[in-house]
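User: Please examine the structure that follows and answer a series of questions on its packing and contacts.
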Amino acid sequence: MEALDFALGLFDILLVFLVLSLAWLVMSSEDLFRAIVLFVAFGLLMALVWVRLEAPDIALAEAAIGAGLTGALMMAALDRLSSVKPIQKVAASAQRKQLSLSSKVLPLIALVLIVLGLGYALLSLPEIADGLTPNVKENMAQSGVKNPVTAVLLNFRGYDTLLEMVVLLLALLSVWSLGGERKLSPRSTNPILGSLCRVLVPVLILVSCYLLWVGADAPGGAFQAGSVLGAAGVLLLLSGWHVEQKYLLWPLRFILILGSGVFIIMAAVLLLIQGGLLTYPVAQAGWMILLLESAATLSIGATLAALFLGGVPKSRVDQ
Amino acid sequence: MIDFFSMLFLLAGALFFLAGTVGLLRFPDLYTRLHALTKADNVGLGLMITGLALQAESLSVAGKLVLIWGLVLLAGASVAYLIARGALLRGVLPWKR
């Protein structure tokens, strides 16, 4: 056992070193493409860090959203930035020459102060803090689920998740109000991409359903399931999947607001019946949470795929 | 006995990953590097999965491990092809001695 502990300790030190140096490389990299690739690697290592901290729920979310979908979103943004990139580079190199001593020293002082402050805050924490863990454990029986993380996210602090859904919707609305219309790309003639899509998309949908279902008593849940669904959407968009215009208007908008909508309706009804925001009756809590999470999964998946497209979708056929 | 075989598979897998990484760092161009990388992904991970599946508590856990391998095989092979094709279309020439 001691040898195992030693090896894990070594692994942890290596992990910390790698995460810090990757973070530095991401920030200091001149080439944006390189920075994105490094950021994805950083996200994957962060997922490993969460695993080592015994937080598999966050590890899953970090791997799927932090490393996977954020990487795809940034690549899509970079693709659209290509026309402005040269100007930016000139500006950056001109700026570097003008850096005076004070503009180098002042950030350094600020950085040292922040590090000292954070270090002090960290060291002044009590060594063993229970936090809210006993509270959560005590009330698990009433939550309707067996996974404490899901219990907190959907029951004890359900309004947090409700607001997260709204934030996601707002993000998409801002992108749509900026970007104008975007045509779906033409169908890819690449046979490998096509067959990869045909095999992978059903599997991704299945995995998404599994993650949603298993969230009740093991790591998983709406955000992980939704991001897997979003990844399927990104794959379909890349291979030029055909969507008819009639599905792009109201059906798409319906799915996008479904999560927030069901959440708000549920909260309002429960407020009237139970007298509290998202306070489920104990016997019904299980299926109510499942309903909320299913709606949220669909919305998250659709929103992430729509974010990747980066504008109000418009079918290429109907021009 | 099972522990011995599992160790054997894991070590063999690690060897493939090591060779793949060395290849990724040392090979002269994109195509040969992809070749090294997919070897590590496909065979190395396959050996690792076999070693881990031998230690699995139940058949369903072993099944999940094999499923992961299948997905990586599919994604790895397709992505290697797509990267190589993209590079070729952009005019990256294969290395010649």
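Analyst: Buried area is the accessible area, taken with a 1.4 Å probe, that two parts lose on being put together, summed over both. The model discussed here is predicted.

User: What is the area buried between chain A and chain B?
Analyst: The contact draws eight residues from chain A and eight residues from chain B. Carbon and sulfur atoms give 77% of the buried area. The area buried between the two chains is about 710 Å².

User: Which residues of chain A lose the most area to chain B?
Analyst: Three residues together account for 53% of what the chain A side buries. They are A:Asn190, A:Ile192 and A:Leu196.

User: How many salt bridges does the rule find across the interface of chain A and chain B?
Analyst: The rule requires a side-chain nitrogen of Lys or Arg within 4 Å of a carboxyl oxygen of Asp or Glu. Over all chains the count by this rule comes to two salt bridges. Across the interface of chain A and chain B, the number found is zero.

User: Which residue forms a salt bridge with A:Asp12?
Analyst: In this pair the closest N and O atoms are 2.7 Å apart. The pair links distant parts of the chain, 40 residues apart, with A:Asp12 in helix 1 of chain A and its partner in helix 2 of chain A. The partner is A:Arg52.

User: Are helix 1 of chain A and helix 2 of chain A roughly parallel or roughly antiparallel to each other?
Analyst: Helix 1 (residues 2-28) and helix 2 (residues 32-52) of chain A pack at an angle of about 150 degrees, with their axes 9 Å apart. Angles over 145 degrees count as roughly antiparallel. The two helices of chain A are therefore roughly antiparallel.

User: How many nonpolar residues has the contact of helix 1 of chain A with helix 2 of chain A?
Analyst: Helix 1 of chain A contributes residues including A:Leu8, A:Phe11 and A:Leu15, and helix 2 of chain A contributes residues including A:Leu38, A:Phe42 and A:Leu45. By class, this contact has no polar and three charged residues. The nonpolar residues number 18.

User: In chain B, is the crossing of helix 1 and helix 2 left-handed or right-handed?
Analyst: Helix 1 (residues 2-26) and helix 2 (residues 30-55) of chain B pack at an angle of about 165 degrees, with their axes 8 Å apart. That angle makes the two helices of chain B roughly antiparallel. Their contact has 18 nonpolar, eight polar and four charged residues. The crossing is left-handed.

User: Which residues of helix 13 of chain A meet helix 7 of chain A?
Analyst: Helix 7 (residues 148-156) and helix 13 (residues 285-309) of chain A pack at an angle of about 85 degrees, and the two are therefore roughly perpendicular to each other. Helix 7 of chain A takes part through A:Thr150, A:Leu154 and A:Asn155. The residues of helix 13 of chain A are A:Ala285, A:Ile289, A:Leu292 and A:Glu293.

Note on methods. Residues are numbered from 1 along each chain as its sequence is written. Chains are lettered from A and ligands numbered from 1 in the order in which they are written. This is a predicted model: local features need pLDDT of at least 70, side-chain atom pairs count only at pLDDT 80 or more; totals for chains, interfaces and linings use all residues. Side-chain values use heavy atoms; hydrogens and water are left out. Axes are lines fitted to C-alpha atoms, for helices over the stretch in contact, and angles run from 0 to 180 degrees between N-to-C directions. Helices (H or I, at least four residues) and strands (E, at least two) are DSSP runs, numbered from the N terminus. Angles under 35 degrees count as roughly parallel, over 145 as roughly antiparallel, 65 to 115 as roughly perpendicular and the rest as oblique. A crossing is left-handed if the near helix is turned anticlockwise from the far one by less than a right angle, and right-handed if clockwise. Ala, Val, Leu, Ile, Met, Phe, Trp, Tyr, Cys and Pro count as nonpolar, Asp, Glu, Lys and Arg as charged, and the others, Gly among them, as polar. Contact means heavy atoms within 4.5 Å.
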